[in-house]
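This report describes the architecture of one chain and the interface it forms with a partner chain. Please consult the sequence and the model shown below while reading.

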Amino acid sequence: MIPLIQAAIVAVFLGTWQMLSPALGLQFFFATPLAVFQSLWALMKSGLLFYHAGITSLEAVAGFLLGGTLGMGIGILLGRHQLLAKVLAPFLTAIYSLPKAALAPLFILWFGIGIDMKIFLAGSIVFFLVFLNTFHGVREVSHEQIAILRLMKANERHLLTKVIIPSAIVWVFAGLRLSVPYALIGAILGEIIAANRGLGFLISSAAGRFDTAGTFAALIAIMFLALVLNRAITFAEGRLMPWRAAEEGREVPI
Amino acid sequence: MPGPTAPPSRKSSEALPLIEFRNVGKTFARGALEAVRDVNLSVAPGEFLTLVGPSGCGKSTLLNMTAGLFLPTTGEVRYAGAVVADINVRVGYMTQVDHLLPWRTLAGNIAVPLEIAGRPKREIAAEVERLMTLVGLTGFGASYPSQLSGGMRKRAALARLFAYDPETLLMDEPFAALDAQMRLVLQVELKRLCRLLGKTVLFVTHDVDEAVALGDRCIVFTSRPGRVRQAITVDLPGDRDLRVLRYDPAYLAQCGALWRLLTPPVEPAVAPQGRRE
């Protein structure tokens, strides 16, 4: 039922767009869905779309992994060491408050206009989201569970692998899920500012040629990429947290 | 099975105490809540002590302090002669809430202490299997705690406690959520293991019959702030058969006496005699 309604909404939306755009003389700004589709099809047939999408995915995923790994590691470290966390808190807040887009020119100076600059830009955004979530997750770990394990003679490594990381991983994934669009922002922003490849470049070059159909086509490709990344996260979640599925499957006790 | 099979000492005052509470008091919330006051108690090695008293009288607080989870506000808790100042790894603690790890299966949970002890994988699997049979959880090894009933989780927590085989067992109403048959099975098993291995046990319960059936000594607490109201030596043999105990007149008489002792404070506005502040 719900998919039918959703399909109907899409059909009505696209149909209205298709009719209104030429009727109001707005084809230039709002290319008709048909034109967008044709543009998208041409890009796909030439293989250009996959080439650019591949570059952007590479940047986003690499930035995601880089920022995610560092964010998780440092989040766990600071979550376990209150003193260190207190010492570093003002510095981290200061860097966090900085809009990462403002770092782009500096990153270009440091790393050039190649892929690595986009990776670092995406990574710097992802890092903070994952770090903050992991940090919070580690601080939320049940003290009772830790006490019970310490009574079993657990050392810090045991606590980390058996309680802290499994317990914080829910939060880590919340951070990762939140990061998907931001990793794409980092990659695409980098491409718009300085690049000759990637979906961001595709957008800016199409827009530069007043090709709205091409611009919309690239936007659709980005949307699709974000969907794929989200699904990948969901898949990883299911594999890494099988107990969550078990919890969802049970009957709700009152 | 190695280990001394020294029978539990009935004359606790004569043996060197394993656990000692000396003028122990504990307040929470900056003194707003006084859990226990002036508790003096000696527990001999191998002794099975049951703690009874009204809800909220600080029995769990005493267990927490024995485990070193927090320190007394006044007085001191000694374990094997030394003041308990940090986590006491010579005790095992089965808390009221099972505190199983939700991300581990039942078998995985029971395996935790064995993994910490660094036992080889195959040995762990066999031991977990044995313990699950012991507590009647065969076939549930692959289930997650969230999929099981409270009673099953309690039994898993009990299996986990047995898995790491601590010198002293702290048990906070471990059998409260079980059906009568399973409870009896586990009581028998607990009593047998404790006698065999010479375990010292602090066992909190609300069940008067259980307190008499299991204990060598039964400590009755007043309502909050909890103080020792009376220590009753249970006059039953150490190797009593729990399955036929309910027909034993001596047992029934002791249960009756304990019932009478515990009944008055339940009525409102009646304080325990001679204990008014």
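Which residues point one way from β3(B), and which the other way? In this predicted model, B:F48, B:T50 and B:V52 point one way from the strand, while B:L49 and B:L51 point the other way. Residues on both sides are buried.

## Overall content of chain B

Chain B contains seven helices and 10 strands. Of its 277 residues, 53% are buried. Among the contacts in chain B with a separation of 6 or more, 69% are between residues 24 or more positions apart.

## Strand β3 and its neighbours

Strand β3 of chain B covers residues 48-52, and five of the five are buried, so the strand is largely enclosed by the rest of the structure. The strand has pairing partners in β8(B) and β9(B). Strand β8 (residues 200-204) of chain B runs parallel to β3(B) and is joined to it by four bridges. Strand β9 (residues 217-221) of chain B also pairs with β3(B) in the parallel sense, over four bridges.

B:T50 takes part in both pairings: its bridge partner in β8(B) is B:F203, and in β9(B) it stands opposite B:C218. Strands of a sheet pair through backbone hydrogen bonds, in either a parallel or an antiparallel sense.

## The antiparallel sheet

Chain B also has an open sheet of four strands in the order β2-β1-β4-β5, with antiparallel pairing. Its edge strands are β2 (33-43) and β5 (82-83) of chain B, each of which pairs on one side only.

Strand β1 (residues 19-28) of chain B pairs with β2(B) in the antiparallel sense over seven bridges. Within this pairing, B:E20 has B:S42 of β2(B) as its bridge partner.

## Cysteines

How many disulfides are there over all chains? The count is zero. B:C194 is in no disulfide, and the nearest cysteine sulfur, that of B:C218, is 16 Å away. B:C218 is likewise in no disulfide; the nearest cysteine sulfur to B:C218 belongs to B:C255, at 9.4 Å. A disulfide would require a pair of cysteine sulfur atoms within 2.5 Å.

Both residues lie away from the surface by the accessibility criterion. B:C194 is buried, with a relative accessible area of 6%. B:C218, the residue that stands opposite B:T50 in β9(B), is buried with a relative accessible area of 1%.

## Interface between chains B and A

The size of an interface is often given as the accessible area lost when the parts come together. For chain B and chain A the buried area is about 2100 Å², and carbon and sulfur atoms give 70% of it. On the chain B side, 24 residues are in contact with 20 residues of chain A.

Two salt bridges are found across the interface of chain B and chain A. In one salt bridge, the side chains of B:E115 and A:K162 meet at 2.6 Å, N to O. Three residue pairs are counted in polar contact between chain B and chain A, with both residues at pLDDT 80 or more. The elements that give two or more residues to the side of chain B touching chain A are β6 (91-94), α2 (106-116) and α4 (150-164) of chain B. Helix α2(B) gives the most to this side, with four residues.

Note on methods
Residues numbered from 1 in each chain as written. Chains lettered and ligands numbered in written order. Heavy atoms only, no water. Buried < 20%, exposed > 50% of the residue type's maximum accessible area, 1.4 Å probe, protein only. Pairing = 2+ DSSP bridges. Contact = heavy atoms within 4.5 Å. Buried area = accessible area lost by both parts, 1.4 Å probe. Salt bridge = Lys/Arg side-chain N within 4 Å of Asp/Glu carboxyl O. Polar contact = N/O pair within 3.5 Å; in protein donor to acceptor, adjacent residues only side chain to side chain.
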